[in-house]
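Please look through the following notes with the structure open beside you, and check each point against what you can see.

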Amino acid sequence: MRILISGGRIVDPRNGADFTGDLAIADGRVLAVGKVPADFQAQQHIVADGKVVCPGLVDLSVRLREPGQEHKGTIASETLAAAAGGVCTVCIPPDTDPVIDSPAVVELIRQRAEDAGRAHVAVLGAITRQLKGTHITEMHALQQAGCVGVSNGMTPIANALVQRRAMEYASGYGLKTYLYPEDSHLANGGCMHEGAISLRMGLSGIPECAESIAVSRDLLLVEQTGAPAHFCRLSSGRALEMVAHARQQGLPVSADVAVHHLHLTDVDLVDFNSYCHVRPPLRAQRDQQALLAGLQSGAIGAICSDHQPHETSAKLLPFAETEPGISGLETLLPLALRAGHAAKLSLLQTLALLTSGPAAILGLDCGHLSVGAVADVCVFDPQASWLVTPSRLHSEGKNTPFVNWEMQGRVQHTLLAGRVVYDAKMEKL
Amino acid sequence: MKRNSQLDEQGQLRHFLSVEGLGRAVLTEILDRAETFAGVASRAVKKVPLLRGKTVINLFFESSTRTRTTFELAAKRLSADVLNINIATSATSKGESLLDTLRNLEAMHCDMFVVRHNQSGAASFIAAHVAPHISVINAGDGSHAHPTQAMLDAFTIRQLKGEFNRLRVAVVGDILHSRVARSQIHALNILGVGELRVIGPKTLVPDSVTSLGVHVFHDMRSGLKDVDVVIMLRLQRERMQGAFLASEHEYFHLYGLTEDKLARARPDAIVLHPGPINRGVEIDSRVADGPQSVILQQVSNGIAVRMAIMSMVLGRQVESVEVKH
């Protein structure tokens, strides 16, 4: 299949490219960028005048809900949501049911993702068996099965010795550890940021130090072991500052942020809005401002959706009993564009946080449009505005606090390995 | 600014979920109206026909004797039909059944739910999901709010001490977990109390409570100095777990209200407690049963205040019916 995408603004952060031109795709790969050979015969022509043509997005945290929670979503439904959001590569944490702690589960997921054919799925293996935090997994076997890194999901390893050994073991095979930094004793089952608002609402809070203490411990373990680590979903300005400092010292660490933390704070919970129930919790305005500043400074390497689809009833409960998480794949791009605008980033810089940045963290050869690269492409209209409504979402999960927000930036086409997997005009393919 | 969801288009109370966000006029109206109802209790026929034909359901997901009983009496004295439903929280640990429960009760054509639930925000949740003709009164949700208790405390204080702006009030105990304290603090501040203090150990009275508009004391003797009103809170025994407190003994030693500590307050100070009291834990029997205690008066006032609130919420269409003294 030969496809020509013509007249678009090609923004390819990894190659520092931002210019108007054509993109030619053949046999699933990028054939030419900018100027297309005169003899190129396209079978499909996408006119991209006034549109942005960028690498397909790479999302560091997506729950597909399969296996184990198919009532919330399936690999097929959620990779369709990814395609509709311009996302070509989704990285999934190991907290499925069964947990991804054996090659068989990795194989099952890869097979189903391949059958669905709408996104590449990068799998994080469990770093401890059953995510229990006591026995490390056969990480080498997980790596052979295709895992790109290891993680303990959202149940951090409380025992620092196990954490240390797990990181050391993983790094011996070139596996990076993905950490969700939270001291579970300090978090103490809380459901929102601890502060004046939680006090007012009578909800149990998770103090900011639950995150920064975990980050400081893990940074010291990185220093001790030399094992590379990635901090997932930082929510606190202080934790981010520590990671930024460690990076300056040359430690092999990186961090990402969930896009909703760039837009919402604990104030958004005041009427017990369960759609704002997320982990880590939405924090104070100064944290939000610090995270935005972190986009600018380079301390944050990626913006992710932290996509967590839920069935409707999971949010129809008194606040603390609701399940945390936002269905975020389809609002990732416009919300990141808006955050980039607020942080005074160029379009190239913003898109780097959605493409080359996360690809570099994962160590994957994706998220760029170099000649010869797998042709994962997102074409979006940066001017088009649209209103978020539950019915508009392709995800099975309609749980989003952004309903009735006006988004600017709309995906027109998503190409996965040179194949159109989403076309806004035709809607579902 | 979002319109307060408790008020209807005309600014009248449609639900009563939290004191926070209501104006002084509304709270004063509740107190004034409660005063007219306080007389009803002493009549031979203790009923007024304000809510005749209305059905009130006491929906209690958490056990309670005093609050449920006074709500029941209040509704009956307003001539409403009352149904008490106690649902063990374990039976509705899943939300579908909570909403299903509501749907089933709605089908019985009731007009008001009086809700108590162990989760903060539960009353607002229910108010947001009930049929539009049904009103919800919050009878206590988690650690969030207990607005009728706060109003009956304010009523008792005004009855015995007069104008709020000249008063110094201290609330003593577990502010962090207390829905009663939160609602009292909001109510007394809205009503313009002269000075509001909270007293307790740092684990239960964190510094952030100053954001609610109170002065914080960790030493009870200095906190009680020259106060006109002492409000004691019930201490839940489970606070001994989880490193909030060392022991009941030390708590009583530091924060239990004894005659000796009460002597620091003004000689005519009154002592309130929302009940049920833990004698020897937060209050000494000699104080609880002493001349300054108004704990039982609070209970009787609870009926009048709840009548006032129910009639304001449900009686929006029957405003014209006169209450005869």
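1. Between chain B and chain A, 5 residue pairs are in polar contact, counting pairs in which both residues have pLDDT 80 or more; please keep in mind, as you read this and the other points, that the model is predicted.

2. Across the interface of chain B and chain A there is 1 salt bridge by the rule applied here, and it joins the side chains of Glu20(B) and Arg200(A), with an N to O distance of 2.6 Å.

3. On the side of chain B that touches chain A, helix H3 (95-106), helix H4 (122-129) and helix H6 (179-190) each contribute at least two residues.

4. In the contact between the two chains, chain B takes part with 26 residues and chain A with 15 residues, while the area buried between them comes to about 1,700 Å², with 60% of it given by carbon and sulfur atoms.

5. Within chain B, helix H5 (residues 147-161) packs against helix H11 (residues 295-314) at an angle of about 115 degrees, their axes being 8 Å apart, and the crossing of H5(B) past H11(B) is right-handed.

6. Among the residues that meet in this packing are Met151(B), Leu152(B) and Phe155(B) from H5(B), and Asn301(B), Val305(B) and Ile309(B) from H11(B). Taken together, the residues of the contact of H5(B) with H11(B) fall into 6 nonpolar, 8 polar and 2 charged.

Notes
Residues are numbered from 1 along each chain as its sequence is written. Chains are lettered from A and ligands numbered from 1 in the order in which they are written. This is a predicted model: local features need pLDDT of at least 70, side-chain atom pairs count only at pLDDT 80 or more; totals for chains, interfaces and linings use all residues. Side-chain values use heavy atoms; hydrogens and water are left out. Axes are lines fitted to C-alpha atoms, for helices over the stretch in contact, and angles run from 0 to 180 degrees between N-to-C directions. Helices (H or I, at least four residues) and strands (E, at least two) are DSSP runs, numbered from the N terminus. A crossing is left-handed if the near helix is turned anticlockwise from the far one by less than a right angle, and right-handed if clockwise. Contact means heavy atoms within 4.5 Å. Ala, Val, Leu, Ile, Met, Phe, Trp, Tyr, Cys and Pro count as nonpolar, Asp, Glu, Lys and Arg as charged, and the others, Gly among them, as polar. Buried area is the accessible area (1.4 Å probe) that two parts lose on being put together, summed over both. A salt bridge is a side-chain nitrogen of Lys or Arg within 4 Å of a carboxyl oxygen of Asp or Glu. A polar contact is a pair of N or O atoms within 3.5 Å; within protein, one must be able to donate a hydrogen and the other to accept it, and residues adjacent in sequence count only if both atoms are side-chain atoms.
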